[in-house]
Amino acid sequence: MKPYKVLDSQILNYRHPLKTVIPVKHLLSSALFSSKSQPEAPQQPQDPSLYISQNQPPITSELLADKARSSQWHFIKHLAPKLSSSLISATLFDLYKTPELAIRFTTHVEFDRLDIRTRCFAIAIASRTSSPNPSLQLLRRIISSGVATVRVIFDELALSRERLATKSSILFDYLIRACCQLKRADEAAECFYMMKEKGLVPKIETCNDMLSLFLKLNRNESAWVLYAEMFRMKVKSTLHTYNIMINVLCKEGKLKKAKEFLVFMESLGVKPNVVTYNTIIHGYCSKGRYEGARLVLNAMVAKGIEPDSYTYGSLISGMCKENRLEEASEMFKKMKEIGLVPTAVNYNTLIDAYCNKGDLERAFVYRDEMVKQGIMLTVSTYNLLIHAFFMEGKMVEADHLVKEMEDKGMVLDEITYNILINGYCRCSNAEKAFDLHDEMLSKGIHPSRVTYTSLIYVLSKRKRMKEADDLFEKIICKGVSPDIIMFNALIDGHCVNGNTERAFSLLKEMDKMRVSPDEVTYNTLMQGHCREGRVEEARNLLDEMKGRGIKPDHISYNTLISGYSRRGDMKDAFKVRDEMLSLGFNPTLLTYNALIQGLCKNHEGDVAEELLQEMVSKGITPDDSTYYALIEGMGKVNHAAEGSNPP
């Protein structure tokens, strides 16, 4: 990192009616961060325009300060547009012993129109209050405005600190914290190292804010680098610090090291709390290691630390993700037995799990229990249940839940609308889906890629491909970047509707937009070729996808088998089947049905019956298509036999 320059060109070339904010000899001194016994008072400006009238004295900082002390804010606000930054700065200096009053003065003289130096001086005075909030709020405004870089802001705060003759470095801590609140990790780190270069040590709370931000942004390496710097600077870690670093280890999947870190903090005399253990338990659950999570839970209880709702919530959520619903329900029951009150999140986790399983009855048992316990149903609760109804095609029930939400005064969010739109699209109700889209817009909710993908899907299903293409172009013009799912939906629509040429042009558009195709893309294009009898072209696509590093799946091979079988080319169909088996793919019902249909078409009923016996022996149950193909094949064989017999 380049050495930090105390004075940049902006500071040296600063032009202002105020003759000197700080004497030049002080600016050029290497002791910029040294403290003065008394604050440096500014010289008064001589601006002839600032007279109330010819018979009145000019507007001075003393006059403005007196007006502020007597709460004559209307007078100050009236003059604000005419007040120079230097005069405002001088007034702030007069008010620095009453920082709350100085802050109020700042709000009445339009803070955002002031130059960077005056703004930073106002922040320096605001930092003298007991609360950090005024300073943080003003710093966020400066940083967000882009009027200056954090380095310039840092330099100006340093000058203000010198002018007020204060030893405290809290201003720089506030600057770092403001960057963290704005999620500007790199700028926060830049300020941290500028403090370090000047021999200033950030407070542990500031360091913790930075570590938390790195954790949220998944910048684990940056967190460890900062933690090492803290150690070198002898910044003493707190329990919160250790909890953050344990969380980092858990995110990295280093659960054993996380437990070792817990032992390390205990050896330093720092006692872990419920958050510490919850972090490790959550780490184990997210990796599906429930026995490990239980051991940590037992250790936690043995040390006299009571589990809370979050502890059990992690265990319940983890079990639900692994479809261990009965165990999750038992854990939920135990949680209530020990006197913990479940949250809406706990209930939603179980409702979601049972909805995904298709057990709506059990899901509604938990919904009813929430109501009975006085726990307010959330928008998420309704979203889960509405989605479950749509998945089962129960449109009326879904509509009743929406009405229930509206009757309760609940506002439908983007997720609710996407569920409704997707549900109606699955039912081919394009009109209702587009009505909901228009309703979203009228309520100021911006449709997402998910919304538009559903609409493209329903247009494709209704064979309205011109409208689907027009909507696609409209989306791009709106600045919405299509993803792989949207492209696949549109490609599928064109393939199903017989326009493979347009489908392949979309593949080229994907390459231009740097959206990588996947196996679904190629399977769809292969199916398009096979529908039109171009099985060789479909076979070439299989080789192309391999060349792109995309692994074909069982659908890829079944598509080719079906294509060859439909054409009656059973030799190539069985060749693909053998290739599929050699790669470890087991034949599916679709595989057998395609082969049986092809054999029956070629009057090879005996071989078809052998395949039927094979699929049954492998535990694959034939369906209507299987038997229909066999019956049709036998009919053709009998008809052929009758035709060959002499009368």
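Reader: How many helices and strands are there in the protein?

Author: There are 36 helices and zero strands. Some ground rules: the model is predicted, local features need pLDDT of at least 70, side-chain atom pairs count only at pLDDT 80 or more, and totals for chains, interfaces and linings use all residues. Residues are numbered from 1 along each chain as its sequence is written, and side-chain values use heavy atoms, with hydrogens and water left out.

Reader: Why is tyrosine 557 called buried?

Author: Buried means under 20% relative accessible area, exposed means over 50%, and partly exposed is in between, with a 1.4 Å probe and protein chains only. Tyrosine 557 comes in at 1%, so it counts as buried. Its place is in helix α32, residues 554-567. Across the protein, buried residues make up 48% of the 647 residues.

Reader: What is tyrosine 557 in contact with, leaving aside neighbours within four places in sequence?

Author: Contact means heavy atoms within 4.5 Å. On that basis tyrosine 557 is in contact with Leu542, Lys546, Pro552, Val576, Glu579, Met580, Leu583 and Phe585. Take glutamate 579: it is 22 residues from tyrosine 557 in sequence, and their C-alpha atoms are 8.5 Å apart. For the protein as a whole, among contacts between residues at least 6 apart in sequence, 63% join residues at least 24 apart.

Reader: Which residues touch the most other members of the largest nonpolar core?

Author: A nonpolar core is a set of buried Ala, Val, Leu, Ile, Met, Phe, Trp, Tyr and Cys residues joined through side-chain atoms within 4.5 Å. The largest one has 200 residues, and Phe105, Ile153, Leu157, Met210, Ile316 and Ile386 touch the most other members. Helix α10, residues 170-181, gives the largest share of this core, nine residues. As for phenylalanine 105, and not counting residues up to four places away in sequence, it touches Leu64, Ala68, Trp73, Ile76, Ile88, Thr91, Leu92 and Leu95.

Reader: What makes the span of helix α28 agree with what it should be?

Author: The expected span is 1.5 Å times one less than the number of residues. Helix α28, residues 484-496, has 13 residues, so it should span 18 Å, and its end C-alpha atoms are 18 Å apart, which agrees. Buried residues in α28 include Met486, Phe487, Leu490 and Ile491. The buried residues of α28 pack against α26 (449-461), α27 (465-477), α29 (500-512) and α30 (519-531). After α28 comes glycine 498, whose phi is positive, near 80 degrees.

Reader: What makes aspartate 66 and arginine 69 a salt bridge?

Author: A salt bridge needs a side-chain nitrogen of Lys or Arg within 4 Å of a carboxyl oxygen of Asp or Glu. For aspartate 66 and arginine 69 the N to O value is 3.1 Å, and their side chains meet in a salt bridge. Both lie in helix α3 (residues 61-69), three residues apart, about one turn of the helix. Aspartate 66 counts as partly exposed because its relative accessibility is 44%, and arginine 69 is partly exposed at 46%.

Reader: Where are aspartate 209 and arginine 177, the pair that links distant parts of the chain?

Author: The side chains of aspartate 209 and arginine 177 meet in a salt bridge at 3.2 Å, N to O. Aspartate 209 is in helix α12 (residues 204-216) and arginine 177 in helix α10, 32 residues apart. Aspartate 209 is partly exposed because its relative accessible area is 27%, and arginine 177 counts as partly exposed at 22%.

Reader: How many salt bridges does a search of the whole structure find?

Author: The search finds 36. Among them is lysine 443 with glutamate 439, where the closest N and O atoms are 3.5 Å apart. Arg367, Asp368, Glu404 and Lys408 are linked in a network of salt bridges.

Notes:
Helices (H or I, at least four residues) and strands (E, at least two) are DSSP runs, numbered from the N terminus.
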